[in-house]
Amino acid sequence: MRYRLFLFAWLVFVWVALWRDPSVGNLVGGIAVAAVAMLVFPVPHQPGSLHVRPLAMAKFLGSALWAIAQANFVVAWEVLTPGSRVNEGVVAVDLREDHPVVTTMVSHAIGLAPGTLVIDVDDERDGPPRMFVHVLHLREIDDVRRDVLELERLALAAMGSPVAEGAEQ
């Protein structure tokens, strides 16, 4: 029940934020749209599903934003300085867990950073998916793998199941 109330409140908040006007009319409209959306597209909440942990989510977002800021600086420096130090490559990273939401979070965080891009995610294989990451400034393959797996660890802590190892409350 708490999950549905949170989802309802989130939908209303997003509606009002998209209109950029917290008027009574937009609030009532958001309530109506959220109610219809939840009736038309019910989201079952199953035991053992993913849960948001606010502190861990803040750590994930902070880490992702820091990586994005660093990548912006590196790419800007590359553009502004003469000569090219580009050493691009594609690195295959075997993720540790098979959580579609976590895989999506990690791939989007990687894709938001300039100079990196997730080319493909092979989730048809047995076990956790394999992510193929294109890197503009490849120095060490193990560094790329370690960075991606650290992002996955933070995302799992933020959105993992209640029994996820190292989960933060």
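I began with the surface and found a nonpolar patch formed by V36, L39, V40 and F41, which together have about 470 Å² of accessible area. I note here that this is a predicted model.

I located F41 in the loop between helix 2 (24-40) and helix 3 (54-80). I recorded F41 as exposed because its relative accessibility is 61%, and exposed requires over 50%.

I then turned to charge. I found a negative surface patch made up of E97, D98, D120, D123 and E124.

My last entry concerns L136. I found L136 in the loop between strand 3 (130-135) and helix 5 (141-159). With a relative accessible area of 22%, L136 is also listed as partly exposed, since buried would require a value under 20%.

Which residues does L136 touch, apart from its neighbours within four places in sequence? I listed V75, V86, N87, E88 and G115 as its contacts. I also looked up the spacing between L136 and V74: these residues are 62 residues apart along the chain, and their C-alpha atoms are separated by 10.0 Å.

Methods:
Residues numbered from 1 in each chain as written. Predicted model: local features only at pLDDT ≥ 70, side-chain atom pairs only at ≥ 80, totals over all residues. Heavy atoms only, no water. Patch = residues over 30% accessible without salt bridge, like charges linked within 9 Å, V, L, I, M, F, W, Y side chains within 5 Å. Areas by Shrake-Rupley, 256 points an atom, 1.4 Å probe, with all protein chains shown as cover. Salt bridge = Lys/Arg side-chain N within 4 Å of Asp/Glu carboxyl O. Lys, Arg positive; Asp, Glu negative; His and termini not counted. Charge placed at Lys NZ, Arg CZ, Asp CG, Glu CD. Helix = DSSP H or I, 4+ residues; strand = E, 2+ residues; numbered from the N terminus. Buried < 20%, exposed > 50% of the residue type's maximum accessible area, 1.4 Å probe, protein only. Contact = heavy atoms within 4.5 Å.
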